[in-house]
Amino acid sequence: MPQRINIVCMSGTREKLQMAAMVASVAAVTGDDVTVFFSMNALPYFVKGHAAEAPAEGELGALIAGTSVPPFKQLFRQAAELGDAKLLPCSMAMDVMKITAEDLEPGIGPPTGLTSFLSDAEGGQLLTF
Amino acid sequence: MNQAKVIDACNSFCPGPLMELISHMKRAQVGDTLELLSTDQGSVTDVPAWIRKVGHEMVSTEQVGKVWHIKVRKVK
């Protein structure tokens with residue numbers, strides 16, 4: 001049975017972005033119905049022109065930097081392309097950053113409020129990174 | 001029996017090899033055999049788990065040196 005997996009991705013550190021991307025991509029390609037809600041410090045990485053590298057918060061994050069671990073942005077993209085995951089930017093974070101949907105990278109959207117995200121997430125699993 | 005298409009995902013880490021396999025699987029024809037080369041130990045259990053869940057077929061798993069050769073067949 002497909003599960004509904006909702007991921008709140010809010011940290012801007014490499015480890016948390018990586019883990020969120022791993023869970024999202026593997027769950028999505030395995031047939032689960034995956035929605036990722038990007039807010040707070042995670043959202044800027046999906047604004048056009050922003051650096052793709054996130055700072056490590058600890059030992060593993062530092063180790064990942066020198067390896068061929070798939071980049072988190074690639075995994076999120078594969079979650080959407082290969083597994084139909086939805087990648088939703090938080091409209092509140094967009095307002096604070098003074099950006100519009102056009103400022104975000106392709107595949108990220110539409111801007112979504114917390115009320116509709118939570119209402120769609122009802123009954124499914126909710127994971128926070 | 002047609003030749004297996006080889007996907008070299010050596011040196012990539014989880015879930016890189018699985019994602020490589022899946023993106024090739026999407027483009028393959030039903031009946032095609034794909035051979036994934038991976039140095040990621042997790043692939044040995046993750047690929048069969050994915051194949052089982054999604055409903056394709058495991059053909060064989062073999063380790064040659066440090067490289068795992070994982071053969072799967074697309075069945076739908």
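This is a predicted model: local features need pLDDT of at least 70, side-chain atom pairs count only at pLDDT 80 or more; totals for chains, interfaces and linings use all residues.
Me: What does the C-alpha trace of chain B span along its principal axes?
Reply: About 30 × 25 × 20 Å. Buried residues make up 47% of the 76 residues in chain B.

Me: OK, switching to the interface. What do chain A and chain B bury between them?
Reply: They bury about 1,200 Å², with 70% of that on carbon and sulfur atoms. On chain A's side, Val29(A), Thr30(A) and Leu82(A) supply 42% of the area it buries against chain B, more than any other three residues.

Me: Which elements of chain A give two or more residues to that side?
Reply: Those are α1 (14–29) and α3 (72–83) of chain A. The biggest giver is α1(A), with 4 residues.

Me: What's that side like by class?
Reply: The side of chain A that touches chain B has 7 nonpolar, 5 polar and 1 charged residues.

Me: How many residues does each chain put into the contact?
Reply: Chain A puts in 13 residues, and chain B puts in 13 residues.

Me: How many salt bridges does the rule find across the interface?
Reply: It finds 0 salt bridges between chain A and chain B. For polar contact, the count between the two chains is 3 residue pairs, with both residues at pLDDT 80 or more.

How values were computed: Residues are numbered from 1 along each chain as its sequence is written. Chains are lettered from A and ligands numbered from 1 in the order in which they are written. Side-chain values use heavy atoms; hydrogens and water are left out. Contact means heavy atoms within 4.5 Å. Buried area is the accessible area (1.4 Å probe) that two parts lose on being put together, summed over both. A salt bridge is a side-chain nitrogen of Lys or Arg within 4 Å of a carboxyl oxygen of Asp or Glu. A polar contact is a pair of N or O atoms within 3.5 Å; within protein, one must be able to donate a hydrogen and the other to accept it, and residues adjacent in sequence count only if both atoms are side-chain atoms. Ala, Val, Leu, Ile, Met, Phe, Trp, Tyr, Cys and Pro count as nonpolar, Asp, Glu, Lys and Arg as charged, and the others, Gly among them, as polar. Buried means under 20% relative accessible area, exposed over 50%, partly exposed in between (1.4 Å probe, protein chains only).
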